[in-house]
Amino acid sequence: MTVDPLHILIAAAVSWINFVTIDLIFKLPERGGVSGAREIARQIEDGGGALHGGYMMGNIVSSPDASAGTLLAACGVYIAGIPGGILAALLVYVGNRICHDPGYAGTTGALSATFIVYGFSLLGFSAAEFIAGMVIAILTIQGISAVYASRLLSTLWRWRRA
Amino acid sequence: MNLILAAVFTFIAIAGTLGTIIEKDPFAKLISLSVIAGGVIPFIVDRGYLDVAIAVAIIAPLSTIFLLFACRRDSS
Amino acid sequence: MAQGVNTEEAALIICAGIAAYAAVRILLEKNTLRKLPFLNVLSFAVAGSIALLLPHPLGIIAAAAYFIGSTLESNAIASTYAGGIREE
């Protein structure tokens with residue numbers, strides 16, 4: 001099956017919405033979970049970014065969150081269907097506890113992504129497109145401009161709090 | 001893995017090595033070590049040695065963490 | 001090249017390309033803590049590449065182990081850096 005760029009873009013958008021929504025639900029931008037996340041947020045703020053967006057970006061670096069869950073779930077579904085996605089969710093849960101993170105953002109993101117990716121695979125998408133899509137999605141948040149990404153996340157956080 | 005992909009991952013490993021040499025801050029050097037590991041592990045996976053890949057993927061970060069513990073002990 | 005690129009190869013090319021871009025951004029960024037988000041992108045891309053290179057069930061565990069190891073390491077670097085600044 002030859003590659004369809006539109007599929008990959010749609011997969012990227014769906015992955016972005018999945019992980020940002022779940023991270024906002026679990027209040028990742030509220031505060032830095034560990035000292036490393038707080039320090040990263042401070043540096044981003046010093047560089048011109050927004051603090052709450054920086055907290056979320058710091059939390060993404062320090063512990064597997066919904067973005068990691070979405071990626072690993074896509075990998076799981078690609079290799080082994082729904083059982084693979086559930087195994088990925090279990091590994092994310094273990095990873096969270098190893099990183100001293102008591103939250104469930106990662107596990108929830110992984111479980112929701114498992115069913116979303118499987119559902120899209122019934123519509124003709126491939127789970128590989130979701131793997132590439134999720135990498136593109138995290139690139140837009142962590143990998144282009146910390147300043148603009150943190151401002152966008154802070155704006156979304158303000159909406160969530162309202 | 002075709003030649004282009006091999007070249008890209010080799011580039012990543014070389015970029016990490018350059019980082020270790022050029023960077024002055026020791027924490028930046030540790031980050032560059034992580035980049036080297038990221039460039040090398042796909043080659044291990046491509047050959048089928050998944051257990052070796054899992055071992056390297058666990059041992060490399062663990063060594064960095066122990067290194068940081070040792071440095072923290074020294075300075076405090 | 002009469003045949004088009006198939007989906008898995010395209011996904012691998014995207015992951016490898018983004019990993020290379022992240023490696024370059026890490027080198028170019030001067031502030032050490034601001035390198036960590038780029039390292040995070042590299043971990044995502046390499047974890048995705050691991051799963052795409054070898055579709056074997058153990059591959060899920062390999063990708064997860066690599067990603068969690070990399071996250072743990074970034075967390076340790078950031079926390080130690082944060083602790084260190086106050087001492088100076």
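Me: What pattern does chain B follow, read along the sequence?
Reply: This is a predicted model. Along the sequence, chain B follows the pattern α-α-α. Chain B holds three helices and zero strands.

Me: What makes chain B more spread out than a compact globule?
Reply: Set its radius of gyration against the globule rule. The rule gives 11 Å for 76 residues, and chain B has 14 Å. That is well over the rule's value, so chain B is more spread out than a compact globule. The C-alpha trace spans about 50 × 30 × 10 Å along the principal axes of chain B.

Me: How many of the residues in chain B are buried?
Reply: Buried residues make up 39% of the 76 in chain B. To be called buried, a residue needs 20 or more other C-beta atoms within 10 Å of its own.

Me: How do you know that chain A and chain B do not touch?
Reply: A contact needs C-beta atoms within 7 Å. No contact joins chain A and chain B. Their closest C-alpha atoms lie 12 Å apart.

Me: What does each chain bring to the contact between chain B and chain C?
Reply: Chain C gives 36 residues and chain B gives 35. On the chain C side, α1 (7-28), α2 (32-53) and α3 (57-87) each supply at least two residues. The largest share is from α3(C), with 16 residues. By type, this side of chain C has 23 nonpolar, 10 polar and three charged residues.

Me: Why are α6(A) and α2(C) called roughly antiparallel?
Reply: Two packed helices are described by the angle and the distance between their axes. Helix α6 of chain A, residues 127-143, packs against α2(C) at about 175 degrees. Angles over 145 count as roughly antiparallel. The pair is therefore roughly antiparallel. Their axes lie 9 Å apart.

Me: Which residues of α6(A) and α2(C) meet?
Reply: From α6(A), they include Ile131(A), Val135(A) and Leu139(A). From α2(C), they include Phe38(C), Val41(C) and Phe44(C).

Me: How do the residues of this contact of α6(A) with α2(C) divide by type?
Reply: There are 13 nonpolar, four polar and no charged residues. Gly counts as polar here. Gly143(A) and Gly48(C) are among the residues that meet.

How values were computed: Residues numbered from 1 in each chain as written. Chains lettered and ligands numbered in written order. Predicted model: local features only at pLDDT ≥ 70, side-chain atom pairs only at ≥ 80, totals over all residues. Contact = placed C-beta atoms within 7 Å. Helix = DSSP H or I, 4+ residues; strand = E, 2+ residues; numbered from the N terminus. Rg over C-alpha atoms; globule rule 2.2 N^0.38 Å. Buried ≥ 20, exposed ≤ 12 C-beta atoms within 10 Å, placed from the backbone. Axes fitted to C-alpha atoms, helices over the stretch in contact; angles between N-to-C directions. Parallel < 35°, antiparallel > 145°, perpendicular 65-115°, else oblique.
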